[in-house]
Amino acid sequence: MEACHRKPGTPGVGKTTLGKELASRSGLKYVNVGDLAREGQLYDGYDEEYDCPILDEDRVVDELENQMSEGGVIVDYHGCDFFPERWFHIVFVLKTDNSVLYNRLETRGYNQKKLKDNIQCEIFQVLYEEALGSYKEEIVHQLPSNKPEDLEDNINQILKWIEQWVKDHSS
């Protein structure tokens, strides 16, 4: 049995960069829920205000169920309250300073409402609170994601955790 990890966080905090690099170095499988939804058209309408499709959470869970039961998966998405708790052994929430985040999102071409709401989401730690409310507190960890060195530190920290988890669970 292998560990499964979840990385929620506001858009622009570096989840995808971290997830892909982690998968490449650990040999675990990487799943980006946004890409999965796009490829499988796992949507339930369109949100005009935010100019984005609305995720069909039940269909996403159904789509991922088999892979997740096999284990060894890194899941990348900005929310986490609809995933079954049993899927994850650890959850990492990335946190970015607002000025850094603002610049990243502006570069992505976010409209003013989307910019403002995502910055507020980060200020109020909405996604960290969501993770704490969805999983046991001891498996939820917040990691800084402001500068390139943070990425390397986070990867090393998570790889150490994976190594320890495998050691603890291979008897």
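1. A residue is called buried when its relative accessible area is under 20%, exposed when that value is over 50%, and partly exposed in between. V126 has a relative accessibility of 39%, and therefore counts as partly exposed. The structure discussed in this note is a predicted model, and every value in it should be read with that in mind.

2. V126 has its place in helix α6, which covers residues 126-134.

3. Turning to the annotated positions, the unreviewed UniProt entry lists G12, G14, K15, T16, T17, R108 and K147 under "binding site". Of these residues, G12, G14, K15, T16, T17, R108 and K147 are included in the lining of the largest pocket.

4. Two of the listed residues can be examined further. K15 is placed in helix α1, made of residues 15-26, and because its relative accessibility is 8%, K15 counts as buried. T16 is also placed in helix α1, but with a relative accessible area of 30% T16 is partly exposed. If residues up to four places away in sequence are left aside, T16 touches Y30, N32 and D76.

5. A search of the whole structure finds eight salt bridges, and one of them joins the side chains of R38 and D35, with a distance of 2.4 Å from N to O. Because R38 and D35 are three residues apart in helix α2 (residues 33-40), about one helical turn separates them. Both partners are partly exposed, R38 with a relative accessible area of 48% and D35 with a relative accessibility of 29%.

6. Another salt bridge is formed by E65 and R86, whose closest N and O atoms are 2.8 Å apart. This pair links distant parts of the chain, since E65 lies in helix α3 (residues 57-70) and R86 in the loop between β5 (73-76) and β6 (90-95), 21 residues apart. E65 is partly exposed, with a relative accessible area of 25%, whereas R86 is exposed at 58%.

7. E122 and K95 also form a salt bridge, with their closest N and O atoms 4.0 Å apart. E122 lies in helix α5 (residues 112-123) and K95 in strand β6, so this pair ties together parts that are 27 residues apart in sequence. E122 is buried, with a relative accessible area of 5%, while K95, at 27% relative accessibility, counts as partly exposed.

Definitions and conventions. Residues are numbered from 1 along each chain as its sequence is written. This is a predicted model: local features need pLDDT of at least 70, side-chain atom pairs count only at pLDDT 80 or more; totals for chains, interfaces and linings use all residues. Side-chain values use heavy atoms; hydrogens and water are left out. Helices (H or I, at least four residues) and strands (E, at least two) are DSSP runs, numbered from the N terminus. Buried means under 20% relative accessible area, exposed over 50%, partly exposed in between (1.4 Å probe, protein chains only). UniProt positions are given in the numbering used here, feature names are shortened, and annotations may be inferred rather than shown by experiment. On a 1 Å grid over the protein atoms alone, a cavity is a set of points where a 1.4 Å probe fits but cannot get out, and a pocket is an open set with protein on both sides within 12 Å along at least five of seven lines; lining residues have an atom within 4 Å of a point. Contact means heavy atoms within 4.5 Å.
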